[in-house]
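The following account leads the reader through a protein structure, from its overall division to selected local details. Please keep the sequence and the model in view while reading.

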Amino acid sequence: MDPPLDNVVAPDAHGLARACAALWAGELVGFPTETVYGLGADAMDESAVARIFAAKGRPADNPLIVHLPDAEHVGPVVDAWTPLARRLAEDFWPGPLTLVLDAASQLPRVTTGGLATVAVRVPDHPVAQTLLWDVGRPLAAPSANRSGRPSPTEAAHVSQDLGDAVRVVLDGGPCPVGVESTVVDARGRVPLVLREGSITREDLGAAETVTDGDRLRASPGTRYRHYAPTCRVAVAAAGTAAATAHRLMGEGVTVGLVATEPPPPGVVGVARFVDAADLARQLYAALRTAETAGVGVVVVEAVGEAGVGRAVMDRLRRAAG
Ligand code: TXA
Ligand code: MG
């Protein structure tokens with residue numbers, strides 16, 4: 001392991017003070033949330049937000065999520081609450097739910113990728129909470145990976161991808177959820193799910209999921225290839241992962257395995273998991289481990305499409321391309 005870069009700091013009073021100073025100076029800060037690490041900048045500061053897009057290599061039309069300490073702080077960012085948004089915020093904030101609403105006119109359009117709507121969320125992580133209260137600014141924060149790469153679930157992943165483009169990374173350990181927040185258009189009467197997450201349609205009540213075509217128009221981020229490591233990713237049905245890995249070995253590539261079963265001889269054991277929530281926590285780190293282990297293809301065992309399993313399978317299919 002490389003020694004940690006000195007921009008990775010403990011989230012103590014000193015680290016938080018450094019993070020706030022960087023944000024007030026228009027610089028970028030990596031911070032943990034319950035889902036994945038975010039790459040934060042002052043959402044109201046155009047040039048700070050432009051730095052996010054540059055550091056990630058992110059297309060300018062892919063809008064950012066604005067993070068707030070609580071629902072009382074939506075004022076400068078959101079034009080109008082809807083009854084639906086109020087109910088969802090009451091039920092799920094703080095937590096891994098992002099609401100799309102009409103954007104306030106003073107919110108820079110670079111933050112919203114040029115859209116008249118804005119995505120907002122209140123993260124449920126003590127370090128993110130303390131940072132948001134201390135900094136006193138809404139923070140635009142996409143996942144803190146280079147565009148197209150697996151999202152970071154540990155502080156070291158942030159420095160691996162972004163190096164010193166990020167001034168400070170607050171190290172809060174591994175993220176407890178591991179997949180990104182559920183994104184919901186909350187402007188209408190029923191929630192419209194734009195991106196699956198650990199909060200499911202069933203949790204939301206009477207939610208609709210947009211069709212693929214509508215999703216592309218409504219949520220620009222889902223248009224791009226995502227979550228892909230440099231090695232190939234193959235998805236195998238439950239109970240067939242070890243056999244699939246064994247078969248792929250016959251093709252003469254180094255094969256890695258992420259499964260509930262142990263790896264057969266000759267296959268690199270990348271990660272073991274017990275259920276969908278456990279795979280959610282481990283998936284992105286496992287994809288990065290597979291890369292560093294130099295495997296040519298990593299076989300990942302599928303999980304059931306229920307609960308967080310649906311989000312995990314969505315990410316897995318995108319990673320597999
Ligand atoms: O869990 C998360 O949401 C993490 C943590 C850091 O909070 N953030 C995250 O951000 O995943 P990002 O930028 O990687 O993904 C944001 C997603 C993209 O698919 C983007 O297109 C969508 O949210 N989005 C943002 N603003 C939107 C808007 N106004 N309308 C529709 N979709 C929007
Ligand atoms: Mg992302």
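In this predicted model, the C-alpha centres of domain 1 and domain 2 lie 28 Å apart. Domain 1 spans residues 8-216, and domain 2 spans residues 232-320. To the contact between them, domain 1 contributes 25 residues and domain 2 contributes 13 residues. The size of an interface is often expressed as the accessible area that is lost when the parts come together. Here the two domains bury about 1500 Å² between them, with 49% of that area on carbon and sulfur atoms. Pro150, Val179 and Glu196 account for 31% of the area that domain 1 buries against domain 2, more than any other three residues.

The interface also has a polar side. Five salt bridges are found across the interface of domain 1 and domain 2, and nine residue pairs are in polar contact between the domains. On the side of domain 1 that touches domain 2, the elements giving two or more residues are α5 (155-162) and α6 (201-204). Of these, α5 gives the most, with three residues. A salt bridge joins the side chains of Arg310 and Glu202, with an N to O distance of 3.0 Å.

Parallel pairing links β15 to β12 (residues 232-236) over five bridges and to β13 (residues 255-259) over four bridges. Val299 is the bridge partner of Ala234 and also of Leu257.

Helix α4 (residues 126-135) has Val127, Ala128, Gln129, Leu131, Leu132 and Val135 as its buried residues. These pack against α1 (13-24), β2, β4 (65-67), β7 (139-140) and β8 (168-170). After α4 comes Gly136, with a positive phi near 70°.

Finally, Glu34 is located in the loop between β2 (29-31) and β3 (38-42). Glu34 counts as buried because its relative accessibility is 4%, below the 20% limit. The side chain of Glu34 makes a polar contact of 3.0 Å with the side chain of Arg121, and a polar atom of the Glu34 side chain lies 3.1 Å from the backbone nitrogen of Asp124. Beyond its neighbours within four places in sequence, the contacts of Glu34 include Gly95, Pro96, His125 and Cys175.

Note on methods
Residues numbered from 1 in each chain as written. Chains lettered and ligands numbered in written order. Predicted model: local features only at pLDDT ≥ 70, side-chain atom pairs only at ≥ 80, totals over all residues. Heavy atoms only, no water. Buried < 20%, exposed > 50% of the residue type's maximum accessible area, 1.4 Å probe, protein only. Polar contact = N/O pair within 3.5 Å; in protein donor to acceptor, adjacent residues only side chain to side chain. Contact = heavy atoms within 4.5 Å. Pairing = 2+ DSSP bridges. Domains from an automatic or database assignment. Buried area = accessible area lost by both parts, 1.4 Å probe. Salt bridge = Lys/Arg side-chain N within 4 Å of Asp/Glu carboxyl O.
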